[in-house]
Amino acid sequence: MAVITNKNNTLLELKNVKKHFPITSGFFRKVTGYVRAVDGVTLDVKKGETLGIVGESGCGKTTLGKTILRLCSLTGGEIRLKAVDSGEMKGLQDLDKRESFEARRRIQMVFQNPYASLNPMKNILSAFDEPMKIHSLGNKQERKNKIAEMLETVNLQPDYMYRFPHEFSGGQQQRISIAKALAMNPEVIVCDEPVSALDVSIQSQIMNLMRKLQKGYNLTYIFIAHDLSVVQYMSDRIAVMYLGKIVEVAEAVEFHNNCLHPYTMALLSAVPMPVVGAKSERIILKGDVPSPVNPPKGCKFHPRCYKCIDICKEKEPALKPSDTNPDHLVACHLR
Ligand code: SF4
């Protein structure tokens, strides 16, 4: 894991980020409601760290990743990135044309399905070369050399650049996706379920490769996954997302030893114990995740919470530091 020495070394800041998708109906496509996929997320990402974001399917974590990349427009809130020259935090929506273009290069994404993220009609050389050319990353020969270097970095042969995506296995395709992101010289890589479509043996290879690359290229990862054991292996800090909101954030060791939110406790209780004979008391949550179209009043987790008290049904808890650790944030009335 990367060691974060400077606590104020923030590279990316999310302030009350919202992404609501309108639901339309009828001939005139009248807006009848909204899917509140991301509903007020506040987070910071430190340079050189891996911030894991974990939650059940449909909690909004992929949409959050896409809003960071500006693949989805913001409904509300602000995303700020540290400027290269001045070191000042600047809103992505306030950047001038040149800065905005540069920010697109600085933040890259690795998708869950590597095959779908590669154009089947283009060989690897063309797929890599196009964005590099747009961002003026060297002349034709320099770009080709860089592509060969990136393929070698992810343990693939340089002459694979002449092949097409269907000629590779799933693990090789994911290595290619990582190399493609790396070829842009990024600072932040948003990794959206990068190993969940792969076999377990390949998963560990890819995760170890990503950790090695992080050190070598001084990368910052936002690692999104639904599998808590994968997130724990990869992350320096972990944020738990539930129904479009962050409910707990802590450093990985603190998270494992002293989690505070009832939802996190339930997630952790489902992770298999690596010690033979060791038992953990499994917490089974009742019911399904409520609809993000009509989320419950008060704490969004209260219909499934085994510690719910009266106030939880009325008042939404704020995400605030715990009593014992100012870096451990939790949104629960009991804390
Ligand atoms: Fe459970 Fe209440 Fe805490 Fe929400 S605020 S997690 S309902 S105890």
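User: At what angle do helix 4 and helix 5 pack?

Analyst: This is a predicted model, in which local features need pLDDT of at least 70, side-chain atom pairs count only at pLDDT 80 or more, and totals for chains, interfaces and linings use all residues. Residues are numbered from 1 along each chain as its sequence is written, and side-chain values use heavy atoms, with hydrogens and water left out. Helices are DSSP runs (H or I, at least four residues) numbered from the N terminus, and axes are lines fitted to C-alpha atoms over the stretch in contact, with angles from 0 to 180 degrees between N-to-C directions. The axes of helix 4 and helix 5 (residues 140–153) lie 10 Å apart, and the packing angle is about 120 degrees.

User: Are helix 4 and helix 6 roughly parallel or roughly antiparallel?

Analyst: The axes of helix 4 (residues 124–134) and helix 6 (residues 170–182) come within 10 Å and cross at roughly 25 degrees. Angles under 35 degrees count as roughly parallel and those over 145 as roughly antiparallel. Helix 4 is therefore, relative to helix 6, roughly parallel.

User: At what angle do the axes of helix 6 and helix 7 cross?

Analyst: Helix 6 and helix 7 are roughly parallel to each other. Helix 7 spans residues 200–217, and its axis comes within 10 Å of that of helix 6, the crossing angle being roughly 15 degrees.

User: Where does the ligand sit?

Analyst: A cavity is a set of points on a 1 Å grid over the protein atoms alone where a 1.4 Å probe fits but cannot get out. A molecule sits in one if more than half of its atoms lie within 2 Å of its grid points. The ligand sits in the largest cavity.

User: Which residues surround the ligand?

Analyst: A residue is near a molecule if one of its heavy atoms lies within 4 Å of it. The ligand is surrounded by H261, P262, C299, F301, H302, C305, K307, C312, P317, C332, H333 and L334.

Definitions and conventions:
On a 1 Å grid over the protein atoms alone, a cavity is a set of points where a 1.4 Å probe fits but cannot get out, and a pocket is an open set with protein on both sides within 12 Å along at least five of seven lines; lining residues have an atom within 4 Å of a point. Helices (H or I, at least four residues) and strands (E, at least two) are DSSP runs, numbered from the N terminus. Angles under 35 degrees count as roughly parallel, over 145 as roughly antiparallel, 65 to 115 as roughly perpendicular and the rest as oblique.
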